[in-house]
Amino acid sequence: MSATSSAASPSSGAVPASTSVRLRAAGRALFIHLGVLPFFLAAALIVFTLVSDRFLTADNLVNVMRQSVYLVLVSLGQMTVLITGGFDLAVGATVALTSVVSALVMAALGPMFPDAPALVIALGALAGFAVAALVGLANGAGVALFGVSPFIMTLGVSSVAAGGSLFLTGGVPVSGLPTEFADLFGFGRWLGIPVPVLVAAVAISIAWVVMTRTRTGAHLYAVGGNIKAAKLSAIHTGRTLIVAYILCALIAALTGLLLTARVESGEANLGGTLALESIAACVIAGVSLRGGIGRVENVVLGALFIVLVQNGMNLAQIGSYLQMVLLGGLLILAVIFDQIRYRMMMGV
Amino acid sequence: MSPPVLIRTVALTKRYPGVTALDRVDFDLRSGEVHVLFGENGAGKSTLISLLAGVSTPSEGEILVRGHHVRFTGVADARAAGISAVFQEFSLVPTLTVAENLFLGDEPLSGPFLDRRAMRRKAAALFADLDFAIDPKRLVATLSRAEQQMVEIAKALHGEVGILILDEPTASLTDREVDHLFAVIARMKARGVGIIYISHRMQEFARIADRVTVLRDGRRIGTVAMAETSEAALIEMMAGRAIAEIYPSIARSPGPVLLRTEGLRAWGVHCVDLEVRAGEVLGVAGLVGSGKSRSFRALMGLLPIQAGRVTVQGRDLTGATTREVMRAGLCYVPPDRKTEGLQLAFSTRDNLAQGELAGTPSRFGLLPWRRIRKRCEATAERVELPPAYRGRAVGKLSGGNQQKALFGRALGRDYDLYIFDEPTVGVDMGARAAIYRLIRELAEAGKAVVVISSDLPEAMNLAHRLLVFAHGRIAAELEGDAISEAAILSHFFDPIPSAAIPSVPTIDQEARLPA
């Protein structure tokens with residue numbers, strides 16, 4: 001039996017165990033099933049509660065929820081790619097490109113159809129999704145058809161997309177969006193709940209259904225778990241990889257639109273830190289960098305955790321430069337734990 | 001009236017760069033028969049089934065399924081034609097559950113959604129039908145190799161299967177599990193399924209085979225009815241005239257003990273005591289997962305040692321790094337040249353140079369490239385690599401020449417003890433003979449040579465002394481005339497000693513390498 005099951009199943013560990021031994025076994029099982037997230041989350045809650053008495057208040061936690069919408073979304077997209085065994089460094093640039101393109105379209109169409117803001121917004125959003133789909137297609141085609149490593153492919157595409165959005169705007173924010181856009185998707189509320197939170201909730205549900213209840217999801221896991229086995233099981237592995245990158249880009253586009261509504265303009269510098277943060281959120285949430293492993297609900301928690309830590313650090317008055325240092329360290333720590341967890345799982 | 005022909009191949013040929021893996025093979029499979037493919041490693045069996053299963057496409061020739069020409073572009077096409085294959089290399093995803101694996105690529109749906117209930121129900125029904133006791137909810141990574149094999153077979157059998165291909169399905173099964181599998185095969189036969197069966201275990205043929213086709217060097221040597229042939233006749237067909245010449249007789253002059261292990265324990269290795277002497281060839285036989293390869297990988301520092309002692313020429317090297325062990329004079333040539341052995345993108349010369357680097361001192365921190373080049377050429381001569389191949393990327397060479405390059409690299413430095421793990425997997429006859437000559441040369445020059453091999457004739461014919469591994473232990477040590485096929489096979493299935501072992505590992509490193 002592997003270390004995994006001997007630790008998890010009480011039958012094989014029939015030795016009468018003292019409390020501390022049992023506690024350690026439970027911690028081990030928890031670690032193998034969920035990764036480092038429960039431990040990190042507990043540590044963060046304790047530390048920040050001690051540091052700031054404003055941290056553990058309903059107001060602050062609602063605030064964290066609202067702020068975390070964008071990272072949660074991007075992390076979901078990142079997860080689909082990570083599960084196939086790749087990663088997408090272009091998510092941040094996709095957010096920026098979507099923001100710029102949709103804003104340009106809305107700003108151009110706005111004066112033409114002053115009486116139909118819904119149409120203007122829809123067409124702008126459509127343009128944003130279309131350009132993001134192209135980005136995803138480029139990433140997926142490079143990885144699946146030409147065998148470029150995801151690292152260099154998405155890094156290159158990221159540069160193309162970021163450069164493209166700067167080129168389109170000259171670095172100047174695109175203004176002149178329909179006011180309804182920001183009013184609804186940036187600051188709107190429905191039944192008292194912020195619209196971005198609702199959008200995220202819908203996206204999370206859809207992602208959960210796709211990953212656990214559809215053939216597409218099953219194939220994403222299979223390709224990441226063992227691509228050769230997937231191929232021998234008559235799965236179209238190339239198409240599955242392309243789908244993963246397109247899904248990731250589309251979710252990034254959705255994030256881009258929400259952020260555009262929030263800042264009321266198209267900005268080429270949106271989403272700069274999202275690639276790193278989303279990978280960190282996924283890894284902390286137990287998504288394996290080797291592919292095949294990862295769950296939607298955990299990733300949502302992982303992204304919440306990152307925002308929670310940032311929020312806590314803000315309350316503890318840690319400067320943003322130092323926050324970058326800590327976040328990078330956290331990512332590396334999570335990856336090291338992922339490595340240890342993989343070894344424990346595979347019993348090597 | 002003979003039963004209908006399910007598959008027929010006409011002059012089926014598959015060429016890879018530098019090698020013809022399958023050469024104008026005619027083959028047919030009838031409904032309700034077990035047709036065994038028999039031949040040495042590299043004879044073309046795996047190539048033939050990969051063509052029939054749609055994994056690769058033929059260079060020339062035709063495949064007819066039930067009289068219709070087919071041209072498979074992928075596994076899905078073959079499956080649609082009712083052909084299902086169980087490969088040696090498992091097509092299971094370790095991170096998914098048993099049920100998810102069973103229906104991989106063919107998931108039951110209700111509307112746009114996966115029908116998980118149907119999946120579990122069908123899985124349970126399939127296992128009940130096959131009489132397998134495996135919980136469909138378990139993760140494949142937690143299954144034993146034998147259980148994985150059963151899942152693999154169940155996976156091949158779900159849906160409309162008319163033709164079943166089994167590649168060495170019994171390699172990791174116990175006798176009881178083999179009986180079980182054969183019962184399943186009998187039931188399939190009764191339903192009219194045609195079965196192509198690959199195995200090295202001749203004692204199985206009499207139990208299940210209807211016909212046997214023998215392949216050698218990519219060609220079909222003949223097809224015979226099992227009832228009208230004998231093991232001896234099949235072996236003769238398999239090996240051909242070459243058998244007498246191919247194994248050299250190696251002079252034995254045992255010297256001092258170079259390597260000794262005492263109570264060696266590692267993952268899947270339980271208490272191994274062995275000695276390797278200079279000037280003799282030590283053969284190591286055993287099934288996949290018997291610990292034969294892992295024992296040596298452990299002492300080479302490739303697997304963590306849990307307990308025991310390793311001494312090299314009296315020096316304690318327990319738990320030393322691979323580099324330290326190599327510096328002490330041991331060289332391990334891995335079984336899988338593609339993933340562990342060679343730099344596939346490098347030229348053959350540069351691969352040989354890697355071996356030289358270990359033995360050439362630099363001058364003022366600079367590498368003496370001219371001298372290295374010269375020595376590489378000499379090594380290439382020694383391993384009989386044709387000059388035309390020396391500048392080509394090693395990944396483009398045939399298996400035989402790749403293996404020669406791998407051996408050449410090991411010769412770059414003067415080691416005292418060579419461990420060759422599966423030295424002739426997927427290697428043609430000519431290269432095989434060259435490799436055996438090299439082994440003789442080394443042993444007669446006073447080196448200690450260990451040959452770990454799943455190829456029984458190879459282990460038997462080269463070894464002066466033979467260790468038989470079973471269940472992570474040495475089951476027997478045979479010497480000289482006592483080395484016989486019957487003696488070896490009888491120990492392969494030695495029962496697990498009653499001094500119960502902690503339980504056999506589930507995921508083993510060795511299992512991922514070709515047997």
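Predicted model: local features only at pLDDT ≥ 70, side-chain atom pairs only at ≥ 80, totals over all residues.
Strand 11 (residues 211-216) and strand 12 (residues 219-225) of chain B pair in the antiparallel sense over six bridges; strands pair here if DSSP finds at least two bridges between them. Helices (H or I, at least four residues) and strands (E, at least two) are DSSP runs, numbered from the N terminus.

Residues are numbered from 1 along each chain as its sequence is written, while chains are lettered from A and ligands numbered from 1 in the order in which they are written.

Let us stay with chain B and turn to its open sheet. Six strands with mixed pairing make up this sheet, in the order 18-19-20-15-21-22. Strand 18 (330-333) and strand 22 (473-479) of chain B are the edge strands, each pairing on one side only. From one strand to the next, the twist averages 15°. Within the sheet, strand 15 (residues 281-286) and strand 20 (residues 448-452) of chain B run parallel and are joined by four bridges. You can find B:Val281 opposite B:Val449 of strand 20 of chain B. Helix 18 (residues 485-492) of chain B lies across strand 15, strand 21 (465-470) and strand 22 of chain B, at about 25° to strand 21 of chain B. Such angles run from 0 to 180 degrees between N-to-C directions, and axes are lines fitted to C-alpha atoms, for helices over the stretch in contact.

Stepping back, chain B holds 18 helices and 22 strands. Its radius of gyration is 24 Å, close to the 24 Å that the globule rule gives for 515 residues, so chain B is as compact as a globular protein of that length. This radius is taken over C-alpha atoms, and the globule rule is 2.2 Å times the number of residues to the power 0.38.

Chain A has 15 helices and two strands. Its radius of gyration of 21 Å is close to the 20 Å of the globule rule for 348 residues, so chain A is as compact as a globular protein of that length. Its C-alpha trace spans about 75 × 55 × 35 Å along the principal axes.

For a look at helix packing, take helix 5 (residues 91-109) and helix 12 (residues 237-263) of chain A, whose axes come within 8 Å and cross at roughly 55°. The two helices are therefore oblique to each other; angles under 35 degrees count as roughly parallel, over 145 as roughly antiparallel, 65 to 115 as roughly perpendicular and the rest as oblique. Among the residues that meet are A:Val91 and A:Thr94 in helix 5 of chain A, and A:Cys248 and A:Ala249 in helix 12 of chain A.

Finally, the two chains meet in a contact that takes 28 residues from chain B and 24 residues from chain A, where residues are in contact if their C-beta atoms, placed from the backbone, lie within 7 Å. Helix 2 (75-80) and strand 8 (113-114) of chain B each supply at least two residues of the side of chain B that touches chain A. Helix 2 of chain B gives the most to that side, with three residues.
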